[in-house]
Amino acid sequence: MIIMGRDNETVPSHADAMAEGYVPLDSGHARLQELGYKQELKRDLSVISNFAFSFSIISVLTGVTTLYNTGLNYGGTVSFVYGWFIASAFTMIVALSMAEICSSFPTSGGLYYWSAKLSGPTWAPFASWITGWFNIVGQWAVTTSVDFSLAQLIKVIILLSTGGKNGGGYEASKYVVIALHGVILLLHGMINSLPISLLSFLGRLAAIWNVVGVFVLMIGIPSVATERASAKFVFTNFNTENADGISSKPYIFLLGLLMSQYTLTGYDASAYMTEETREADINGPKGIISAVGISVIVGWGYILGITFAVTDIHYLLSEDNDAGGYAIAEVFYLVFKNRYGNGAGGIICLVIIAVAIFFCGMSSVTSNSRMVFAFSRDGALPFSSSWRKVNKQEVPIYAVWLSVSISFCMALTSLGSIVAFEAMVSIATIGLYIAYALPIFFRVTLAQKDFVPGPFNLGRYGVIVGWVAVLWVLIISILFSLPVSYPITMETLNYTPVAVGCLLILVVSFWLISGRHWFKGPITTI
């Protein structure tokens, strides 16, 4: 069996590779050789470690905490409780389709490699180019968003620790926040320069921290609260009172889905870690599906636990409260202050979340760097020969620091305009999901008859599940581009479609002007 590589060079099949002296370590290694790649990264991750990276990036403590205000403002508790299940169900459908493709193509190239192989020889270069750029920019935006949200949470922790907004507490400036963001990224770069065995340990620790943290908070907060919301309030209260000029209940509910959908992203990390995962054609898909499934369960528990401590939505959203309008921080602070006379316990709870967000950012940089490594291995990035290098510990060290640097530069826009910054990080959700949908679209159209499934597959339901996944991504792409405030002004305009449109124009222009002349898609290395 012969596999065709770049410029029609021949690449040995698994059987031929064995005869030539390539000895696979396991099925994932063997499949990587069949796809035409040498083993350059250390294959040392178990299925638990693979799962841990995706689970840590999804991090319900990160997503729910940072966008809890959005959920309260658009629909309140009903958006939380029921919107979470709607987003979760369709996210699992997307994850199942991605897992099926991952089983067939377990490489660090992930989504863009899948697009190349599933779109056919004619479309492969352009399909992988579009998918890769949307994915890599989306990943950088995720890291930017996660680490910036951690810097903002640290700002709130300092504020509450020094007396709160109403007690003369210290409120850090935007320059202090960006400095904190830089320090956090620096630490993440240093951690990701360590050998994969240590990263694997930290990844597992992050997963444990997220699960234990959720259970501590979902049980502890309502237990300490002196006043709790009723079950009727939690499951039926629909908040239509917002300062954004939106009164339509269906519209408000749909906008409230943003919190859930933003949280449930990043599970593609399991695909990027497959070249470092044992039995990757089986364990990679397991990592994707289990990360989403467990996140759905613990996420709903976290939402319920916190929401039972919510009694006054409008006060929590007010910038005049001690946390400066940071809803979850105010919930934690008040719960302990009302019970014990001070909010120290609430601040400790916020530290638990801060550590989870730190782990989330760490895993995000890990995923970024593997995507940069693979994309550079195929020559798609400027100065690719530098970014694809690995050090003695088999870590793509230059890719790590490139990801850290770009994420810091993206955050600098917050100094000039918070609107511009929010537009940029909006790519974290829409850009990533577009990258998720493209290979699935090619799998159910151009490759419907030719797709060769791996050990994990959906059988005859693969095409149906794939189409549902593609339609869901189309729906949320439109949904999150709609106005979120009326009347529409330069300050209230939703810049998400502008940001995504500009990215599309830049990527396509780069392709037409330069890329189409030299980028041929994934390049085999055997």
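**Close-up views of helix packing in a predicted model**

**View 1. Ser 49 and its neighbours.** Leaving aside residues up to four places away in sequence, Ser 49 touches Ser 200 and Arg 204, where contact means heavy atoms within 4.5 Å. This is a predicted model, in which local features need pLDDT of at least 70 and side-chain atom pairs count only at pLDDT 80 or more, while totals for chains, interfaces and linings use all residues. Residues are numbered from 1 along each chain as its sequence is written, and side-chain values use heavy atoms, with hydrogens and water left out. Ser 49 sits in helix H3 (residues 47–58); helices are DSSP runs (H or I, at least four residues), numbered from the N terminus. With a relative accessible area of 1%, Ser 49 is buried (under 20% relative accessible area, 1.4 Å probe, protein chains only).

**View 2. Helix H6 against helix H21.** Here H6 (residues 77–104) and H21 (residues 427–444) pack at about 60°, with axes 10 Å apart. Axes are lines fitted to C-alpha atoms over the stretch in contact, and angles run from 0 to 180 degrees between N-to-C directions. The two helices are therefore oblique to each other; angles under 35 degrees count as roughly parallel, over 145 as roughly antiparallel, 65 to 115 as roughly perpendicular and the rest as oblique. On the H6 side, look for Thr 91, Val 94, Ser 97, Met 98, Glu 100 and Ile 101, which meet Tyr 433, Tyr 436, Pro 439, Ile 440 and Arg 443 of H21.

**View 3. Helix H6 against helix H7.** The axes of H6 and H7 (residues 110–161) come within 11 Å and cross at roughly 75°, so this pair is roughly perpendicular. Met 98, Ile 101 and Cys 102 of H6 meet Leu 111, Trp 114 and Leu 118 of H7.

**View 4. Helix H7 against helix H8.** H7 and H8 (residues 174–191) cross at roughly 125°, their axes coming within 8 Å. That angle makes H7 oblique to H8. Among the H7 residues in this contact are Phe 148, Leu 150 and Ile 154, and H8 contributes residues including Ile 178, His 181 and Leu 185.

**View 5. The surroundings of helix H11.** H11 (residues 249–263) has 15 residues and reaches 23 Å from first C-alpha to last, close to the 21 Å expected at 1.5 Å a residue (1.5 Å times one less than the number of residues). Eleven of the 15 residues are buried, so H11 is largely enclosed by the rest of the structure. Tyr 251, Phe 253, Met 259 and Tyr 262 are among these buried residues.

How values were computed
Buried means under 20% relative accessible area, exposed over 50%, partly exposed in between (1.4 Å probe, protein chains only).
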